[in-house]
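Please examine the sequence and the structure shown below before reading on. The briefing that follows is arranged by topic.

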Amino acid sequence: MAETIRLSVGDRAPDFELPVAFGGTVQLSQALQEADKGVVVYFYPRAMTPGCTTEACDFRDSENSLRAAGYTVIGISPDPVARLEKFVDKESLNFPLASDEERAVMVSYGAFGEKKNYGKVVQGVIRSTFVVAKDGTVASAHYAVKATGHVARLRKELGINA
């Protein structure tokens with residue numbers, strides 16, 4: 001099995017353009033142009049599962065303060081767009097969810113590869129979050145994060161208290 005690539009602080013974040021829920025696409029380089037400080041890109045395994053719902057709702061509830069601090073949020077999973085649309089509607093999500101069914105973007109970020117699931121080594125999405133600075137470099141990279149409490153730790157790291 002090939003070793004999973006991992007991004008580090010200072011690396012250039014791979015640009016991407018992916019389809020999003022309710023039509024259109026999201027492109028990292030475009031989002032960076034529109035953000036004051038940067039873009040939070042997070043990868044999650046599957047929409048509408050308990051952990052992914054917890055994480056998405058934490059980002060939803062923090063979106064206004066993240067935006068006020070100059071950050072945009074983009075969530076990426078291998079789910080088809082139709083499933084993402086149901087997830088957005090069900091949880092009233094207020095940021096773009098992108099579909100990476102081919103998992104190419106996930107691989108480029110090191111967010112897909114070998115991981116342990118209930119003690120077994122499997123191939124899958126590695127729950128990961130990146131802060132991409134305005135200049136397109138990785139300002140923060142977190143791999144194998146826990147769904148619960150992760151957004152609060154990210155907010156603290158970014159100096160966002162409200």
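**Overview of the model**

Of the 162 residues in the protein, 49% are buried, where buried means under 20% relative accessible area, exposed means over 50% and partly exposed lies in between (1.4 Å probe, protein chains only). This is a predicted model, in which local features need pLDDT of at least 70 and side-chain atom pairs count only at pLDDT 80 or more, while totals for chains, interfaces and linings use all residues. Residues are numbered from 1 along each chain as its sequence is written, and side-chain values use heavy atoms, with hydrogens and water left out.

**Overall form**

- The secondary structure consists of 5 helices and 9 strands; helices (H or I, at least four residues) and strands (E, at least two) are DSSP runs, numbered from the N terminus.
- In sequence order, these elements give the pattern β-β-α-β-α-β-α-β-α-β-β-β-β-α.
- The radius of gyration of the protein is 15 Å, which agrees with the value near 15 Å that a compact globule of 162 residues would have. The radius is taken over C-alpha atoms, and the globule rule is 2.2 Å times the number of residues to the power 0.38.
- The C-alpha trace spans about 40 × 35 × 30 Å along its principal axes.
- The accessible surface amounts to about 8000 Å², and 50% of that surface belongs to carbon and sulfur atoms. Accessible areas come from the Shrake-Rupley method with a 1.4 Å probe; for residues, only the protein chains shown count as cover.
- Among the contacts with a separation of 6 or more, 65% are between residues 24 or more positions apart. Contact means heavy atoms within 4.5 Å.

**The largest pocket**

- The largest pocket holds about 460 Å³ of space. Of its 17 lining residues, Lys-115, Lys-116, Asn-117, Val-125 and Arg-127 are the closest to its centre.
- On a 1 Å grid over the protein atoms alone, a pocket is an open set of points with protein on both sides within 12 Å along at least five of seven lines, whereas a cavity is a set of points where a 1.4 Å probe fits but cannot get out; lining residues have an atom within 4 Å of a point. Grid points are joined across faces, edges and corners, and a volume is the space filled by probe spheres set on the points.
- Strand S6 (112-117) and strand S7 (120-125) each contribute at least two residues to the lining.
- The lining comprises 8 nonpolar, 3 polar and 6 charged residues. Here Ala, Val, Leu, Ile, Met, Phe, Trp, Tyr, Cys and Pro count as nonpolar, Asp, Glu, Lys and Arg as charged, and the others, Gly among them, as polar.

**Two buried residues**

- Phe-59 belongs to helix H2 (residues 50-68). Phe-59 counts as buried because its relative accessible area is 0%.
- Beyond its neighbours within four places in sequence, Phe-59 is in contact with Val-40, Tyr-42, Leu-66, Val-73, Phe-95, Thr-129, Val-151 and Leu-154. Phe-59 and Phe-95 are 36 residues apart in sequence, and their C-alpha atoms are 8.5 Å apart.
- Pro-78 lies in the loop between strand S4 (71-77) and helix H3 (81-91). Pro-78 is classed as buried because its relative accessible area is 12%.
- Leaving aside neighbours within four places in sequence, the contacts of Pro-78 include Tyr-44, Pro-45, Asp-100 and Val-125.

**Positive phi values**

- Most residues other than glycine have a negative phi.
- Met-48 has a positive phi near 70°. Met-48 sits in the loop between strand S3 (38-43) and H2 and is partly exposed, with a relative accessible area of 28%.
- Ala-144 has a positive phi of about 55°. Ala-144 occupies the loop between strand S9 (138-142) and helix H5 (150-158) and is exposed, with a relative accessible area of 55%.

**Towards the two ends of the chain**

- Arg-12 is located in the segment before strand S1 (17-19). Arg-12 is exposed, with a relative accessible area of 57%.
- Not counting residues up to four places away in sequence, Arg-12 touches Asp-135, Gly-136 and Thr-137.
- Leu-158 is part of helix H5. Not counting residues up to four places away in sequence, Leu-158 touches Leu-66, Tyr-71 and Val-131.
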